[in-house]
Amino acid sequence: MLAGQRLGIKEVDEEIGLVRFMHYDLGFIDLEQRTLQPLDNPFGPRLSPMS
């Protein structure tokens, strides 16, 4: 889905970064352990304001 797209990493703590795509937070990356903890799907279904 994001193949070929640029992602951003914002340092939030020592060796911990927040992975972002545009204005969507995708997860946290541990730069020392090289692991990713994904967040809930930011692209998932949205509730209609009328519901």
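Strand 1 and strand 2 form a hairpin with 2 residues between them, and Glu15 in that turn has a positive phi of about 70°. Strands here are DSSP runs (E, at least two residues), numbered from the N terminus, while helices are runs of H or I with at least four residues. Keep in mind that this is a predicted model: local features need pLDDT of at least 70, side-chain atom pairs count only at pLDDT 80 or more, and totals for chains, interfaces and linings use all residues. Residues are numbered from 1 along each chain as its sequence is written, and side-chain values use heavy atoms, with hydrogens and water left out.

**The overall plan**

- The protein has 0 helices and 4 strands, so reading along the sequence you get β-β-β-β, with strands taken as DSSP runs.
- The strands make an open sheet of 4 in the order 1-2-3-4, with antiparallel pairing.
- Strand 1 and strand 4 (35–38) are the edge strands, and each pairs on one side only.
- On average, neighbouring strands of this sheet are turned by 30° against each other, direction ignored; the axes behind that angle are lines fitted to C-alpha atoms (for helices, over the stretch in contact), and angles run from 0 to 180 degrees between N-to-C directions.

**How the strands pair**

- Two strands count as paired if DSSP finds at least two bridges between them.
- Strand 1 (residues 8–13) and strand 2 (residues 16–21) pair in the antiparallel sense over 5 bridges.
- Within that pairing, Lys10 has Leu18 in strand 2 as its bridge partner, and Glu11 has Gly17.
- Strand 2 also pairs with strand 3 (residues 24–30), again in the antiparallel sense, over 6 bridges.
- Strand 3 is joined to strand 4 by 4 bridges, and the two run antiparallel; here Phe28 stands opposite Gln37 in strand 4.

- Glu15 lies in the loop between strand 1 and strand 2, and its phi is near 70°, a positive value in a residue other than glycine.
- Glu15 is partly exposed, with a relative accessible area of 34%; buried means under 20%, exposed means over 50%, and partly exposed is in between (1.4 Å probe, protein chains only).
- Strand 2 and strand 3 form a hairpin too, with 2 residues between them.
- Met22 lies in the loop between strand 2 and strand 3, and has a positive phi of about 55° although it is not a glycine.
- At 59% relative accessibility, Met22 counts as exposed.

**A salt bridge**

- How many salt bridges does a search of the whole structure find? It finds 1.
- A salt bridge means a side-chain nitrogen of Lys or Arg within 4 Å of a carboxyl oxygen of Asp or Glu.
- The side chains of Asp25 and Arg20 meet in this way (2.4 Å, N to O).
- Asp25 in strand 3 is also the bridge partner of Arg20.
- Asp25 is partly exposed at 31% relative accessibility, and Arg20 is partly exposed at 30%.
- Side chains of opposite charge can pair when their charged atoms come close.

**Surface and interior**

- Val12, Phe28 and Leu39 make a nonpolar surface patch of about 230 Å².
- Patches are made of residues with over 30% relative accessible area and no salt bridge; nonpolar side chains (Val, Leu, Ile, Met, Phe, Trp, Tyr) are joined within 5 Å, and like charges within 9 Å.
- Val12 sits in strand 1 and is partly exposed, with a relative accessible area of 44%.
- Buried residues make up 16% of the 51 residues in the protein.
- The protein exposes about 4700 Å², and carbon and sulfur atoms supply 53% of it; accessible areas come from the Shrake-Rupley method with a 1.4 Å probe, and for residues only the protein chains shown count as cover.

**Contacts around Ile29**

- Ile29 is found in strand 3.
- Leaving aside neighbours within four places in sequence, Ile29 is in contact with Ile9, Glu15, Ile16, Gly17, Val19, Thr35 and Leu36, where contact means heavy atoms within 4.5 Å.
- Ile29 and Gly17 are 12 residues apart in sequence but 5.1 Å apart in space, C-alpha to C-alpha.
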